[in-house]
Amino acid sequence: MNAHSELLKRITVCADIFGGKPIIRDMRIAVEHVLGMLAAGDTAEMILDEYPDLAAEDIQACLLFAHRSLAGDHVYERVPIRETL
């Protein structure tokens, strides 16, 4: 299994969290929230300081997820989907 596949395992979907939007490691932190912070100019270090439960790999996984999604890759097919937690 390659490094990208390992990173994408950090992104999950759970129907009862944020309406099934992609989240990080089953936490209530949406991928789009992290991407929004980065787009607003926050650095990875700032995000990690604000969310101590996150790891640098989580931020990298969000970026990879976004890249793969925009590139037309079927990322959702690789994301674990949970009915409820």
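Mentor: Keep in mind that this is a predicted model. A network of salt bridges links Arg10, Arg25 and Asp58.
Trainee: How far apart are N and O in the salt bridge of Arg25 and Asp58?
Mentor: Their side chains meet at 2.7 Å, N to O. Arg25 sits in the loop between β2 and α2 while Asp58 belongs to helix α4, so this pair ties together parts 33 residues apart in sequence.
Trainee: And Asp58, buried or exposed?
Mentor: Asp58 counts as buried, at 0% relative accessibility. Arg25 is partly exposed, at 34%.
Trainee: How many salt bridges are there in the whole structure?
Mentor: A search finds four. One of them joins Glu32 to Lys21, with the closest N and O atoms 2.9 Å apart. Glu32 is in helix α2 and Lys21 in the loop between β1 and β2, so the two tie together parts that are 11 residues apart in sequence.
Trainee: Okay, switching to α2 itself. Which of its residues are buried?
Mentor: Val31, Val34 and Met37. They cover an arc of only 130° around the axis, which puts them on the same side of α2.
Trainee: Why would that spacing work?
Mentor: An α-helix has 3.6 residues a turn, so residues three or four places apart point the same way.
Trainee: Where is the positive phi after α2?
Mentor: At Gly41, just after the helix, with a phi of about 110°.

Note on methods
Residues are numbered from 1 along each chain as its sequence is written. This is a predicted model: local features need pLDDT of at least 70, side-chain atom pairs count only at pLDDT 80 or more; totals for chains, interfaces and linings use all residues. Side-chain values use heavy atoms; hydrogens and water are left out. Buried means under 20% relative accessible area, exposed over 50%, partly exposed in between (1.4 Å probe, protein chains only). Helices (H or I, at least four residues) and strands (E, at least two) are DSSP runs, numbered from the N terminus. The arc is that of the directions from the helix axis to the C-beta atoms.
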